[in-house]
Amino acid sequence: MIPNDFDYQKASSIDEAVSLIAQGDEDTKLLAGGHSLLPVMKLRLSMPAKVVDVGQLQELNYIREEGGALAIGAVTTHQQLASSELVQQKAPALAQAAGVIGDPQVRNVGTIGGSLAHADPAADYPGAIFALDGEIVVQSSDGKRTISAKEFFVDLYTTALEANELIVEIRIPLNAANQNSCYLKFPSPASRFPIVGCAVALHKDGGNCQEVRVGFSGVGNAAFRDSAVENALNGQSVNDQAIANAAAQATDGVDVLEDANASEDYRRHLAKVFAKRALTQLA
Amino acid sequence: MKKQVQITVNGVSYRGEVEPRQMLVQFLRENLELTGTHVGCDTSSCGACTVVLNGRTVKACTVLTVQADLGEVMTVEGLASNGELHPIQEGFREQHGLQCGFCTPGMMMSAWQLLQDNKNPSEGEIRHALEGNFCRCTGYHNIVKSVQYAATKM
Ligand SMILES: Cc1cc2nc3c(=O)[nH]c(=O)nc-3n(C[C@H](O)[C@H](O)[C@H](O)COP(=O)(O)OP(=O)(O)OC[C@H]3O[C@@H](n4cnc5c(N)ncnc54)[C@H](O)[C@@H]3O)c2cc1C
Ligand code: FES
Ligand code: FES
């Protein structure tokens, strides 16, 4: 399968990339790892006239501590995130999500920025970004803006990103809950995408839950934070009973996907099971 | 519009003009006639097209040739040196790690990546490292044994 013809330009800097997409025209596509874009271009479901490659921009490839947050460049690969000791220590849920994406070859090429921009409802990262209270920094010729996870993920394959904006950085706050976080996934046996992915960040003090954040991937049209589970556990003493009660609330009041992989009921059930496992692991 | 590329493949530098929409696997097979790298699914699932690009394995059916510009590629043809099989190739021969052989080049490149990252992998680690490569013949057991054999020789 061969994509439709297109013009290709490799950006040599962030500024150049931003100026190449400044028109905001839908016929121009950014390319990072290409592991979501190229498959749809081969099927000719997407036929951009111009492709701007940012995949090899070293300016966008980094993981560092900065201003109370982990700052991650947009073209950092899944493999780099999964194997980073800094991420494993400060935001284990993110390293774990990265480490269970697809297979080794996909992780060697795919990037966090590309995955967030693509916003596949079954992508692994978004649930973790919610649970870690992460932010997405984007840049256009008008400057930079920072978008919270809640504003960023709008719907199936739909984000708050404008066509003239480049994701430059993902920021994960450094805090006690993020340091005690995890990501667990129930993969589709064929594609390895999550049928349910659950990320939890939990901070306890003297056995009491001070802060808990629960994010789900693969469950709804877009990833979300599950306030029903969070409210049931916040301020409680963290024990098996409290965890079971809280996990049983998972997906309450939320629209849940139904597809060839799983019925709505089965997904709700899996969400409760995975919330319980994740909370138990962190307790 | 065609683009100039310069790509080093198995230590030899190639220059040429390619269409931006050409996939790396086509460049290797059709322009360079290195047909050891196979196309199985052409949809980034099976791993038959796996090659090493700048030190990491990739599925060459889902990478543009222009993305590999100025890069270094190693294909299955680059494993043996001076007419001597690489320990991974020797392992596949000694442990009957192939039947039809279609998946084998990709399997070997994934095995190469694993042994690069982990000199002494467990059976479970080997199986996880080969998750992106399908084999329709062997049932995988002998492939795992082949990689274990290679690990002891490297
Ligand atoms: C076989 C296979 C299995 C997979 N399994 C999983 C899985 O289990 N879980 C999972 O989460 N994902 C999975 N994926 C998807 C994979 O993680 C992709 O790498 C990821 O979704 C896209 O990242 P990319 O860098 O390849 O982006 P690209 O394909 O290059 O781009 C994707 C989209 O994002 C846009 N874009 C890219 N970078 C930026 C940027 N910096 N700013 C703004 N827009 C940008 C592009 O224009 C495009 O629209 C799988 C993919 C394959 C091929
Ligand atoms: S041919 Fe590339 S993954 Fe199957
Ligand atoms: S040996 Fe035939 S597909 Fe693996």
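In chain A, the elements β2 (28-31), α7 (112-118) and β10 (166-173) each supply at least two residues of the shell around ligand 1, helices (H or I, at least four residues) and strands (E, at least two) being DSSP runs numbered from the N terminus. The largest share, four residues, comes from α7(A). The model is predicted, so that local features need pLDDT of at least 70 and side-chain atom pairs count only at pLDDT 80 or more, whereas totals for chains, interfaces and linings use all residues. Residues are numbered from 1 along each chain as its sequence is written, chains are lettered from A and ligands numbered from 1 in the order in which they are written, and side-chain values use heavy atoms, with hydrogens and water left out.

Around ligand 1 lie 30 residues (a heavy atom within 4 Å), of which L30(A), H35(A), L37(A), T111(A) and D124(A) come nearest. Because residues from chains A and B surround ligand 1, the site is shared between chains. Among the polar contacts (pairs of N or O atoms within 3.5 Å), a backbone N or O atom of G34(A) lies 2.7 Å from a ligand oxygen atom, and a side-chain N or O atom of K185(A) is 3.4 Å from an oxygen atom of ligand 1. Taken alone, ligand 1 exposes 980 Å², of which the protein buries 93%, with accessible areas from the Shrake-Rupley method and a 1.4 Å probe.

Technical notes
A polar contact is a pair of N or O atoms within 3.5 Å; within protein, one must be able to donate a hydrogen and the other to accept it, and residues adjacent in sequence count only if both atoms are side-chain atoms.
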